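This report is for a reader who is meeting the structure for the first time. Please look over the sequence and the model before reading on.

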Amino acid sequence: MKYGFLILTVALTVAGMTEVAFSTPFYVVSSFDTSSFGALNPEGITFSPLTGTLFIPDEAITDDQDNVLVPGRIFEVSLTGDLISSFPHGLHRHAEGITFDPITGDLLITKSALASSGGGIYRFKTDGTSLGLFLTIEPPSGDCDGIAVH
């Protein structure tokens, strides 16, 4: 099998505010509002060459007592932002990074370690099946805001 590289730049827009963390100059390949499909607090994005789609983790929305009001989800969307599917990730509100593993075809999602609880890297099938904890991250190691596999 032959592998190539795809350079993809996506501007995520939530409630009319566009977040772009790229150096200039950059080229916006696609721009869409994640709130249109329910992602109010997107925390990353990855591309799956197997499905040709994007996966976006969204943190849970909680109240002041840390009670979950809206569970966190992983959204699968087309390159133009059309919702294909979504599934709950169950990682509370600290799901912060996502990547696609080209060897297994799975998604790897990071959960930040807090002073009171550990974090880790969790593995999911692209259909939402949880494969559980892949790697533990003990406190006080802090935020796991990103992840990459090559």
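Is Thr46 buried or exposed? Thr46 counts as buried because its relative accessibility is 9%, and the cut-off for buried is under 20%. The model behind this value is a predicted one.

## Overall make-up

The protein chain has 13 strands and zero helices. The chain has 150 residues, and 39% of them count as buried.

Its accessible surface comes to about 8600 Å², and carbon and sulfur atoms hold 57% of that area. Among the contacts with a separation of 6 or more, 37% are between residues 24 or more positions apart.

## Confidence in the model

The mean pLDDT of the protein chain is 74. A value of 70 or more is reached by 66% of the residues.

Over residues 1-13 the pLDDT stays under 50, and the model has 37 contacts beyond four places in sequence for them. Residues 18-24 also have a pLDDT below 50, with nine contacts in the model beyond near neighbours in sequence. Where pLDDT is low, the predicted coordinates should not be read in detail.

## Thr46 and its surroundings

Thr46 is placed in strand β4, which covers residues 46-48. The side chain of Thr46 reaches the backbone nitrogen of Phe100 at 3.2 Å.

Which residues does Thr46 touch, not counting those up to four places away in sequence? They are Thr53, Leu54, Phe55, Ile98, Thr99, Phe100 and Leu107. One of these, Thr53, is described next.

## Thr53 and its polar contacts

Thr53 lies in strand β5, residues 53-58. With a relative accessibility of 6%, Thr53 counts as buried. Leaving aside neighbours within four places in sequence, Thr53 is in contact with Thr46, Phe47, Ser48, Glu76, Val77 and Ile84.

The side chain of Thr53 takes part in a polar contact of 2.5 Å with the side chain of Thr51. Another polar contact, of 2.9 Å, joins the side chains of Thr53 and Glu76. Val77 is 24 residues from Thr53 in sequence, while their C-alpha atoms are 5.8 Å apart in space.

## The nonpolar cores

Which residues make up the largest nonpolar core? The eleven residues are Phe55, Ile74, Phe87, Leu91, Ala95, Ile98, Phe100, Leu107, Ile109, Tyr122 and Phe124. Strands β10 (95-100), β11 (107-111) and β12 (119-124) each supply at least two residues of this core. The most comes from β10, which gives three residues.

Ile74 belongs to this core. Not counting residues up to four places away in sequence, Ile74 touches Phe55, Ile56, Pro57, Ser85, Ser86, Phe87, His89, Ile98, Leu107 and Ile109. There is also a second, separate core of seven residues, including Phe37, Ala39, Leu54 and Ile56.

## Aromatic pairs

How many aromatic pairs does a search of the whole structure find? The search finds three. Phe37 and Phe75 form a tilted pair, with 5.3 Å from centre to centre and 55° between the planes. This pair links distant parts of the chain, 38 residues apart: Phe37 is in the loop between β3 (30-33) and β4, and Phe75 is in strand β8 (residues 73-77). Phe37 is buried, at a relative accessible area of 9%, and Phe75 counts as buried at 4% relative accessibility.

The rings of Phe87 and Phe124 also pair, with their centres 5.9 Å apart. Why is the pair of Phe87 and Phe124 tilted? Their planes are at 35°, so the pair is tilted, given that planes under 30 degrees apart count as stacked and those over 60 as edge-to-face. Phe87 is in strand β9 (residues 83-88) and Phe124 is in strand β12, 37 residues apart, and the pair links distant parts of the chain. Both Phe87 and Phe124 are buried. Finally, Phe32, Phe37 and Phe75 form one aromatic cluster.

Technical notes:
Residues numbered from 1 in each chain as written. Predicted model: local features only at pLDDT ≥ 70, side-chain atom pairs only at ≥ 80, totals over all residues. Heavy atoms only, no water. Helix = DSSP H or I, 4+ residues; strand = E, 2+ residues; numbered from the N terminus. Buried < 20%, exposed > 50% of the residue type's maximum accessible area, 1.4 Å probe, protein only. Polar contact = N/O pair within 3.5 Å; in protein donor to acceptor, adjacent residues only side chain to side chain. Contact = heavy atoms within 4.5 Å. Core = buried A, V, L, I, M, F, W, Y, C linked by side-chain atoms within 4.5 Å. Phe/Tyr/Trp six-rings, centres within 6.5 Å; stacked < 30°, edge-to-face > 60°. pLDDT = per-residue confidence, 0-100. Areas by Shrake-Rupley, 256 points an atom, 1.4 Å probe, with all protein chains shown as cover.
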